[in-house]
Amino acid sequence: METSEVGLQPQSSQSVGARAGLCVHKGDIMSLGLYILSEDGTPELAENAILWADWFESDDRKVAQTQLSNEVTVSTVFLGINQNFGGEGLPILWETRVFGGTLDGKVKMYASEKEALVGHKRMVDRMKETP
C-alpha cells in the first residue's frame, strides 16, 4: 500500500460523537471506518451508517478517469470505507484501478487525494507503456 504523511491527520482518541457533541461511543462508528467528503473535499468520519449510505449514493466519488482505448480505462475514486484494516497509520480511502488490458484488475490504494492523483497519473503512464 502506498501512503505518506500528506493528507489525513490521525484521528483524535476522543470519540467522533464527543467531538460533535453527540452521544456516540468510539467503537460504534470508528470501527465501521465510514467516511464522507466535506464540501471542501476533506474526508471526515460519517456520523452514522445511514448518513454515510445517503451520501455514498448521491455524491460523485470519481477523482480521475482516463480512457486509454475502447478496452482500457484507469479509474481513481474515493472509496468512503477505510481499507486500512490493521488500524495502524492513516485511513486508506482512495483507489486507482485498471479495467482491461494487460494489467486488468490492478489496484493501488492511497491515504490522500493528492497521492491518488499522482498514482492515477503513474498508472496511466504505465498503461501507455504496456497496454
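**Exercise 1.** Find which residue forms a salt bridge with Asp125, and describe the surroundings of the pair.

*Solution.* The partner of Asp125 is Lys121, and the closest N and O atoms of this salt bridge are 3.0 Å apart, where a salt bridge is a side-chain nitrogen of Lys or Arg within 4 Å of a carboxyl oxygen of Asp or Glu. The model is predicted, so local features need pLDDT of at least 70 and side-chain atom pairs count only at pLDDT 80 or more, while totals for chains, interfaces and linings use all residues. Residues are numbered from 1 along each chain as its sequence is written, and side-chain values use heavy atoms, with hydrogens and water left out. Finally, consider accessibility, for which buried means under 20% relative accessible area, exposed over 50% and partly exposed in between (1.4 Å probe, protein chains only): Asp125 is partly exposed at 31%, whereas Lys121 is exposed at 52%.

**Exercise 2.** State how many salt bridges the rule gives, and describe the one that joins Glu95 and Arg97.

*Solution.* The count comes to 2 salt bridges. In the one between the side chains of Glu95 and Arg97, the N to O distance is 3.2 Å. Glu95 is buried, since its relative accessible area is 10%, while Arg97, at 28%, is partly exposed.
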